[in-house]
Amino acid sequence: MHVRRIGNTTVSAVGLGAMPLSIEHRPNETQAIATVHAALDAGVTLIDTADSYHWHADEAGHNELLIARALARYGGDASGVLVATKGSRTRPGDGSWGVSGRPEHLKRAAEASASRLGVEAIGLYQLHKPDPAVPWADSVGALRQLLDAGTIRAAGISNVTCAQIREAHAILGDGLVSVQNQYSPAVRDSEPELQLSTELGLAFLPWSPLGGISRSSLDGPSGPASAGTAFHRIAAERGVSAQQIALAWLLARSPAVIPVPGASRPASIQDSAQAAQLRLSTAELTQLEAALPS
């Protein structure tokens, strides 16, 4: 598995997005844990979770607890795995998503996440989404306090603008190590944020990285998935999946990119992990760029 860096930590170039293991349409626990173990067997050392990755109102932290159990039951060495979690999103249990960026909420949420993960300090804690009702500097200031208190070792921000990245960087300095925005062949609105992250030395973790190639967990089983794209044609020529081509394309966008594709089956993450070894030619990248929607 090829590697990339998040701050001072080396991780696999492709991570595991664990959300599908805990939200609606989730697999049973046996399959969920098998999926995590398959990721580890494939060399994945970055697992992306959040306290809001759950289905019902009374099971906040479901995904974090699941990841902790999966790591504890793994037969190999999981000491090098970075579990990155997030706080500020809320789920009342009716299928909707809320947000709370109040400093007191973020501090309590981080402490609860550390407890569920069974760690003294969270390796990477990300502010899941800005709260329009709370000044951005106040929310980011809570991350600064968590860093200073040793509750978290590194901080990240998600679903943010360039201005918010710059403000967070000014507040957190080297404590800010990552940005996690939606980015995929179908959704490239965060191109400026990707470029800024690269300039600042921040890892860029695209969420829903297979948009336009396969369904996101947020779409549900009826969501659309494209077929017959340039990604599919090159995949057929290479004898690999279109998902691998999409992830390889993302990795070629910048050395800062570390995709975290979701998976709910062992075969899915095993396939995605192989993209880290795939190198697209200049001609292939040109074909893909020419075919992308404007």
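1. In what order do the seven strands of the open sheet stand, and is their pairing parallel or antiparallel? In this predicted model, the order is β3-β4-β5-β8-β9-β10-β11, and the pairing is parallel. The edges are taken by β3 (16–17) and β11 (203–204), and because each of these has a single partner strand, one side of each is left without a neighbour in the sheet.

2. Within this sheet, strand β8 (residues 124–127) pairs with strand β9 (residues 155–158) in the parallel sense, and the pairing runs over three bridges. Tyr-125 has Ala-155 of β9 as its bridge partner.

3. Two helices that pack on the sheet can be described with reference to β8. Helix α3 (residues 103–117) touches β5 (82–87) and β8, and its direction makes about 145° with that of β8. Helix α4 (residues 136–149) touches β8 and β9, and the angle between the direction of α4 and that of β8 is about 170°.

4. The second largest pocket, for which the computed volume is about 620 Å³, is lined by 30 residues, of which Thr-9, Leu-82, Gly-123, Leu-124 and Arg-153 are the closest to its centre. Two or more lining residues come from each of α2 (62–73), β5 and β10 (176–180), and α2 gives the most, with three residues.

Technical notes. Residues numbered from 1 in each chain as written. Predicted model: local features only at pLDDT ≥ 70, side-chain atom pairs only at ≥ 80, totals over all residues. Heavy atoms only, no water. Pairing = 2+ DSSP bridges. Helix = DSSP H or I, 4+ residues; strand = E, 2+ residues; numbered from the N terminus. Contact = heavy atoms within 4.5 Å. Axes fitted to C-alpha atoms, helices over the stretch in contact; angles between N-to-C directions. 1 Å grid on protein atoms, 1.4 Å probe; cavity = no way out; pocket = protein on both sides within 12 Å on 5 of 7 lines; lining within 4 Å. Points joined across faces, edges and corners; volume = space filled by probe spheres on them.
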